[in-house]
Amino acid sequence: EWLGLIYPRLKQKLLEQEILHADETTLQVLKEPGRAAESQSYMWLYRTGSLGPPIVLYEYQQTRSGEHPRNFLKGLQGYLHADGYAGYHNIPDVTLCGCWAHLRRKFDEALKGLPPKKRASGSRAQEALNRINRLFAIERELKRCTPEERLEIRNLKGRPIVEEFRKWLDDMLPGILPKSLFGIAVNYGRNQWPKLVRFLEDG
């Protein structure tokens, strides 16, 4: 009963923020009325960014429908940092930001999928990871900066790496197998590009 009073207040504060993060994960619920025990449900998570009060809210839903984030985030005006799932599209007044950690994970999976000899000899997947890691290193340096300073340094140091990486992704395209782990990673990056570069617009 007392959590029922706190949750709406936390949600109100959450939706006042300029930047939020969202993700969803599968969940199996046993003995749920009217559903088989092996039914797949979803736990949706919403959290504040580093500038807001630390709030993480969970919402249980039986499906992965995009109506759930649209309903939950009603009233949000700002940025939503999420993966490439289309369910986060078309949320009114929300600007989507792509997740470089998700892109990095795909190249890491491509690297781990290679035979050990190819992995050790320096592969294209490793080259992608090196490029993303350079970007992450810059971001770590900017943690204590003001948004204005962060934006200036991102554009000075990060933008050339990002632009070079986009050209590299395009150069990779003709020689990849689209359904290979490396091909999936390259295509994910290219498809998510407008959202991935959004961090260069705002500190």
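**Pocket lining.** I looked up which element gives the most to the lining of the largest pocket, and found strand 1, with six residues. I took strands as DSSP runs of E with at least two residues and helices as runs of H or I with at least four, numbered from the N terminus. The model is a predicted one, in which local features need pLDDT of at least 70 and side-chain atom pairs count only at pLDDT 80 or more, while totals for chains, interfaces and linings use all residues. Residues are numbered from 1 along each chain as its sequence is written, and side-chain values use heavy atoms, with hydrogens and water left out.

I noted a volume of about 1200 Å³ for the largest pocket. The closest to its centre, of the 40 residues that line this pocket, are His 21, Ser 50, His 81, Glu 139 and Arg 154. Two or more lining residues come from each of strand 1 (19-28), strand 2 (40-48), strand 4 (78-81), helix 3, helix 5, helix 6 and helix 8. For the search, a pocket is an open set of points on a 1 Å grid over the protein atoms alone, where a 1.4 Å probe fits, with protein on both sides within 12 Å along at least five of seven lines; lining residues have an atom within 4 Å of a point. Grid points are joined across faces, edges and corners, and the volume is the space filled by probe spheres set on the points.

**Helix 6.** I examined helix 6 (residues 147-172) and found a kink of about 45° at Gly 158, shortly before Pro 160. The bend is the angle between axes fitted to the seven residues ending at a residue and the seven starting there. I list Arg 150, Arg 154, Gly 158, Ile 161, Val 162, Phe 165, Trp 168, Leu 169 and Met 172 as buried in this helix, where buried means under 20% relative accessible area (1.4 Å probe, protein chains only). Their cover includes helix 3 (100-112), helix 5 (124-141), helix 7 (181-191) and helix 8 (193-196).

**His 102.** I located His 102 in helix 3. His 102 counts as buried because its relative accessible area is 17%. Leaving aside neighbours within four places in sequence, I found His 102 in contact (heavy atoms within 4.5 Å) with Asp 23, Asp 83 and Tyr 188.

**Whole chain.** I counted eight helices and five strands. Of the 203 residues, 39% count as buried. The C-alpha atoms fill a box of roughly 60 × 45 × 25 Å along the principal axes.

Technical notes:
Buried < 20%, exposed > 50% of the residue type's maximum accessible area, 1.4 Å probe, protein only.
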